[in-house]
Amino acid sequence: MAKTNLLMEAPPYEVEQAVKRLGKNLRTARLRRNMTIEQVADKIGTGPRAVMDAEKGRLGTGVAVYSALLWAYDLLRPFADLADPARDDEGLALDPRSGRARARSGGGLDNDF
């Protein structure tokens with residue numbers, strides 16, 4: 001049996017609100033451009049259901065759909081700045097060593113053969 005995704009059942013409040021706000025903003029952008037859901041779905045290469053789900057702020061909608069909608073409305077440019085390591089003040093303060101590719105446990109290697 002598949003494991004339940006807790007993020008879908010009980011997401012952090014801030015996450016849920018941010019995605020819903022994004023959905024409302026995308027709907028406003030579509031209406032301002034006088035486009036139908038079907039027109040936008042054709043433009044981004046998906047079905048109308050995916051566009052409707054994104055506009056409702058459904059958490060199960062893939063990030064590719066949200067990204068494609070931003071592209072369709074010429075709003076993708078600010079998306080490039082999301083999670084920019086150069087703008088992560090907290091991360092920079094916590095890790096003065098920049099350029100680390102992944103987190104590692106502190107175990108390290110031992111020479112016990």
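Modeller: A charge is said to sit over a ring if NZ of Lys or CZ of Arg is within 6 Å of the ring centre and within 35 degrees of the ring normal. In this predicted model, Lys43 lies over the face of Trp71, at 5.5 Å from the ring centre, while the structure holds 0 aromatic pairs. As for the setting, the protein chain has 6 helices and 0 strands, and of its 113 residues 23% count as buried.

The part to look at closely is the meeting of helix 3, residues 37-44, with helix 4, where the two axes are 8 Å apart and form an angle of about 110 degrees. Since angles of 65 to 115 degrees count as roughly perpendicular, helix 3 and helix 4 are therefore described as roughly perpendicular to each other. On the side of helix 3, the residues that take part are Ile37, Glu38, Val40, Ala41 and Ile44, and they meet Pro48, Val51, Met52 and Glu55 in helix 4. Sorted by class, this contact has 7 nonpolar and 2 charged residues, and no polar ones.

Thr61 counts as buried because its relative accessibility is 12%, where the cut-off is under 20%. Apart from neighbours within four places in sequence, Thr61 is in contact with Ala50, Asp53, Ala54 and Tyr66.

Definitions and conventions. Residues are numbered from 1 along each chain as its sequence is written. This is a predicted model: local features need pLDDT of at least 70, side-chain atom pairs count only at pLDDT 80 or more; totals for chains, interfaces and linings use all residues. Side-chain values use heavy atoms; hydrogens and water are left out. Buried means under 20% relative accessible area, exposed over 50%, partly exposed in between (1.4 Å probe, protein chains only). Contact means heavy atoms within 4.5 Å. Rings of Phe, Tyr and Trp (its six-membered ring) pair if their centres lie within 6.5 Å; planes under 30 degrees apart count as stacked, over 60 as edge-to-face and the rest as tilted. Axes are lines fitted to C-alpha atoms, for helices over the stretch in contact, and angles run from 0 to 180 degrees between N-to-C directions. Helices (H or I, at least four residues) and strands (E, at least two) are DSSP runs, numbered from the N terminus. Angles under 35 degrees count as roughly parallel, over 145 as roughly antiparallel, 65 to 115 as roughly perpendicular and the rest as oblique. Ala, Val, Leu, Ile, Met, Phe, Trp, Tyr, Cys and Pro count as nonpolar, Asp, Glu, Lys and Arg as charged, and the others, Gly among them, as polar.
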